[in-house]
Amino acid sequence: MIPSDPWDRETARSYDTPDTGMFAPELLRQTVDRLAALAGGGRVLEFAIGTGRVAVPLRERGVSVTGIELSTAMIDELRAKADEAAIPVIVGDMATVLAPGRFSLVYLVYNTITNLLTQKEQVACFRNAARHLEAGGRFVVELGVPDLRKLPPGQTAVVFADEPGYIGLDTYDVLNQRVVSHHFRFGDDRQANLLRSAHRYIWPSELDLMAELAGFDLEERSADWTGTPFTAESGSHVSVYRLATR
Ligand SMILES: C[S@@+](CC[C@H](N)C(=O)[O-])C[C@H]1O[C@@H](n2cnc3c(N)ncnc32)[C@H](O)[C@@H]1O
């Protein structure tokens, strides 16, 4: 059984890892540089804003940021860093809820589109991004490439991380294009902490088709936030979609 609310208070409290991992200053600087440039001085909207890992430094850069977020526990963590006046947040589902006004950029990072577990919801998310954008506006999606080359026929689980005190294990349901990520954290005693999250993985080509259904063209795809070319060996991508003007 996967917990129905993986983004509960316990997860929210331990989400931020200041200065390391996804909070590494260099990674955040690159992310914010690219998003600020793509915003072109306009207002931006983050789908699934979480604790404000990206939104807070983007706001500090002078960009006007609004968020949509389902978990009130994650929003509470954000509120310790930025109040409602600095970063307004609408509580709701990024596939359906509306934030007031129009934006030059909507972004959805750190594989979070896969938290929507059906193709229908993922397409709805693209349509919801389009609904929020000005003419010619952009939707940026950061997403991993499904790691299925590591999964031999007949096997359903892959260890994706094996570090002191931490093991990451993915279990696949390839028929339904789903993966459950298990994060085991432990010390020297018998106790371990397990966090699980369910995802519907998406191939880049399917993502492009979802974008097209919502009226976007792919403007650019790179392997990271600095514009490194995307190749067959890339593990993830930053895809920039632009609302078609036709
Ligand atoms: C991996 S975190 C990413 C948070 C933040 N964007 C970041 O980069 O650190 C995923 C976030 O997505 C939120 N989330 C999951 N499904 C959502 C949905 N359908 N609508 C809005 N937020 C959602 C979770 O509550 C969680 O805060």
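Predicted model: local features only at pLDDT ≥ 70, side-chain atom pairs only at ≥ 80, totals over all residues.
Residues are numbered from 1 along each chain as its sequence is written. Local features need pLDDT of at least 70, side-chain atom pairs count only at pLDDT 80 or more, and totals for chains, interfaces and linings use all residues, while side-chain values use heavy atoms, with hydrogens and water left out.

At the interface, 12 residues of domain 1 are in contact with 7 residues of domain 2, contact meaning heavy atoms within 4.5 Å. The two domains bury about 670 Å² between them, 41% of it on carbon and sulfur atoms (the accessible area, with a 1.4 Å probe, that two parts lose on being put together, summed over both). Of the area that domain 1 buries against domain 2, 52% is supplied by Leu-117, Pro-146 and Trp-203, more than by any other three residues.

Between domain 1 and domain 2 the count is 1 salt bridge, defined as a side-chain nitrogen of Lys or Arg within 4 Å of a carboxyl oxygen of Asp or Glu. The side chains of Arg-149 and Glu-233 meet in a salt bridge, at 3.5 Å from N to O.

The secondary structure of the chain comes to 6 helices and 11 strands, which are DSSP runs (H or I, at least four residues, for helices; E, at least two, for strands), numbered from the N terminus. The C-alpha atoms fill a box of roughly 55 × 40 × 30 Å, taken along the principal axes.
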